[in-house]
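Good morning. Please have a look at the model first.

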Amino acid sequence: MTMSAIPRVKPYSGPALLSYGFRPFFLLGSLWAGLEVLVWLPVLYGDMTIPTAFSARDWHVHELLYAYLPAVIAGFLLTAIPNWTGRLPLQGGPLAFLVLTWLAGRYVITFSDRIGWLGAMVVDVAFLALMTGAVVREIVAGKNWRNLKIAALLGLLGVGNLGFHLEAHIEGTAVYSARLGIAVVLILVMVVGGRIIPSFTRNWLLRREPGRLPAIFGPFDTACLVLSGASLAAWCVAPEAAVTGTALIAAAVANTVRLARWAGDRTLADRLVLVLHVGFAFVPLGFLLGGLAAFGIVIPSAGIHAWTTGAMGLMTLAVMSRASLGHTGRPLMASPALQMVYLAAMTATITRIGADVVLEWRTPLLIVAAFCWTAAFVGFAVLYAPLLCRSRRELAQ
């Protein structure tokens with residue numbers, strides 16, 4: 001007897017957009033990330049209002065931290081888990097239900113002042129609850145135990161979202177739950193980035209010429225993740241404490257060394273690999289700025305935006321573009337247009353951090369950052385929509 005391979009996809013004849021998880025979530029998530037910031041800027045300066053129960057600041061934070069990022073995470077996990085477990089991907093109706101749940105969350109949050117905060121909360125938290133349940137089910141069914149920690153982090157992100165609603169309603173603004181969400185996503189970036197960045201770098205370098213290769217995961221990586229997690233836990237609770245600042249600076253050093261071990265300096269010729277290293281570089285920068293903020297040297301938002309705009313923004317663009325190319329059968333190359341998307345995101349990151357450091361230039365830097373961010377994410381959506389909305393067969397014709 002011979003064993004046949006488990007099929008990667010089941011027979012499917014519906015819209016290509018619903019044939020794999022990365023397609024709708026990468027497209028809609030990137031559009032929302034760009035358009036949300038375009039709306040937030042006039043809201044910030046009082047030129048526009050939206051009927052949300054959140055403050056303007058909390059709406060902005062929530063819709064990037066607990067809306068855009070979960071969409072990208074969902075697209076990534078719904079595509080990666082079938083490869084991890086050998087099980088079939090979510091397609092068609094079940095996938096459409098998840099997408100509609102996410103879209104409903106965007107509607108109820110934006111109009112929550114009219115709908116009511118409690119009803120909006122119930123609808124909004126449903127998405128991460130459903131995603132966590134789906135991820136746990138697939139990992140357990142596939143006996144892929146090592147990735148249960150990913151499901152645990154996703155569940156913790158859902159708890160943070162619930163806490164965000166409650167804290168904003170009770171206290172008037174969400175502070176602790178915002179820090180919790182940032183910490184959880186940052187740990188996901190460090191865990192997943194620690195897998196894919198050295199792996200993709202090694203594969204690319206082996207196809208070119210012998211030389212120094214990325215270090216494999218080892219005790220140093222484990223120690224770095226433990227130190228980073230501990231410092232982030234302290235930051236969530238007491239960001240201004242001296243012990244927190246010391247721990248954050250130590251984590252900055254450890255993550256800098258970790259990144260240097262991945263041979264990113266040898267990837268200058270491949271922008272698709274290089275952007276992963278550049279994006280991850282904002283992880284230690286955020287730790288450093290967060291540590292300096294604890295000692296009153298810079299304002300706290302500088303480190304936060306290094307993590308959110310830089311590490312999370314650039315890393316998600318890098319992952320979305322690479323995964324979309326790979327899973328649609330396109331060559332793994334960064335086109336000139338895609339490189340302009342990366343450049344816009346990089347400019348948005350630098351100017352957004354700059355707005356927190358050079359306070360006398362804050363307003364013009366914020367404007368530049370907002371328009372560059374929108375250009376990057378809407379640009380990605382426009383550039384990749386044909387790939388995400390058409391099947392591999394259609395693309396090959």
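**Charged pairs, cysteines and a nonpolar patch**

Arg-137 is partly exposed, with a relative accessible area of 48%. Keep in mind that this is a predicted model. The side chain of Arg-137 meets that of Glu-138 in a salt bridge, at 3.0 Å from N to O. Glu-138 itself is buried, at 10% relative accessible area, because buried here means under 20%.

Glu-138 also forms a salt bridge with Arg-87, where the closest N and O atoms are 2.7 Å apart. Which parts does this pair tie together? Arg-87 lies in the loop between helix H2 (56-85) and helix H3 (92-110), while Glu-138 sits in helix H5 (residues 117-141), so the bridge links parts that are 51 residues apart in sequence. Arg-87 counts as partly exposed, with 32% relative accessibility.

Next, Asp-58 and Arg-57. They form a salt bridge whose closest N and O atoms are 2.4 Å apart. Is each partner buried or exposed? Asp-58 is buried, at 0% relative accessibility, whereas Arg-57 is partly exposed, at 39%.

How many salt bridges are there by this rule? The count comes to 10. Some share partners: Glu-63, Arg-106 and Asp-124 are joined into one network that way.

Now the cysteines. A disulfide is a covalent bond between the sulfur atoms of two cysteines. How many disulfides does the structure hold? The number is zero. Take Cys-224: the nearest cysteine sulfur belongs to Cys-236 and is 17 Å away. A disulfide needs the two sulfur atoms within 2.5 Å, so Cys-224 is in no disulfide. Cys-236 is likewise in no disulfide, with the sulfur of Cys-224 as its nearest, at 17 Å.

Last, the surface. Which residues form the nonpolar patch? They are Leu-35, Leu-38, Leu-44, Tyr-45, Ile-367 and Phe-371, and together they have about 510 Å² of accessible area. Two elements give two or more residues to this patch, namely helix H1 (22-44) and helix H13 (362-389). H1 gives the most, with three residues.

How values were computed. Residues are numbered from 1 along each chain as its sequence is written. This is a predicted model: local features need pLDDT of at least 70, side-chain atom pairs count only at pLDDT 80 or more; totals for chains, interfaces and linings use all residues. Side-chain values use heavy atoms; hydrogens and water are left out. Patches are made of residues with over 30% relative accessible area and no salt bridge: like charges are joined within 9 Å, nonpolar side chains (Val, Leu, Ile, Met, Phe, Trp, Tyr) within 5 Å. Accessible areas come from the Shrake-Rupley method with a 1.4 Å probe; for residues, only the protein chains shown count as cover. A salt bridge is a side-chain nitrogen of Lys or Arg within 4 Å of a carboxyl oxygen of Asp or Glu. Helices (H or I, at least four residues) and strands (E, at least two) are DSSP runs, numbered from the N terminus. Buried means under 20% relative accessible area, exposed over 50%, partly exposed in between (1.4 Å probe, protein chains only).
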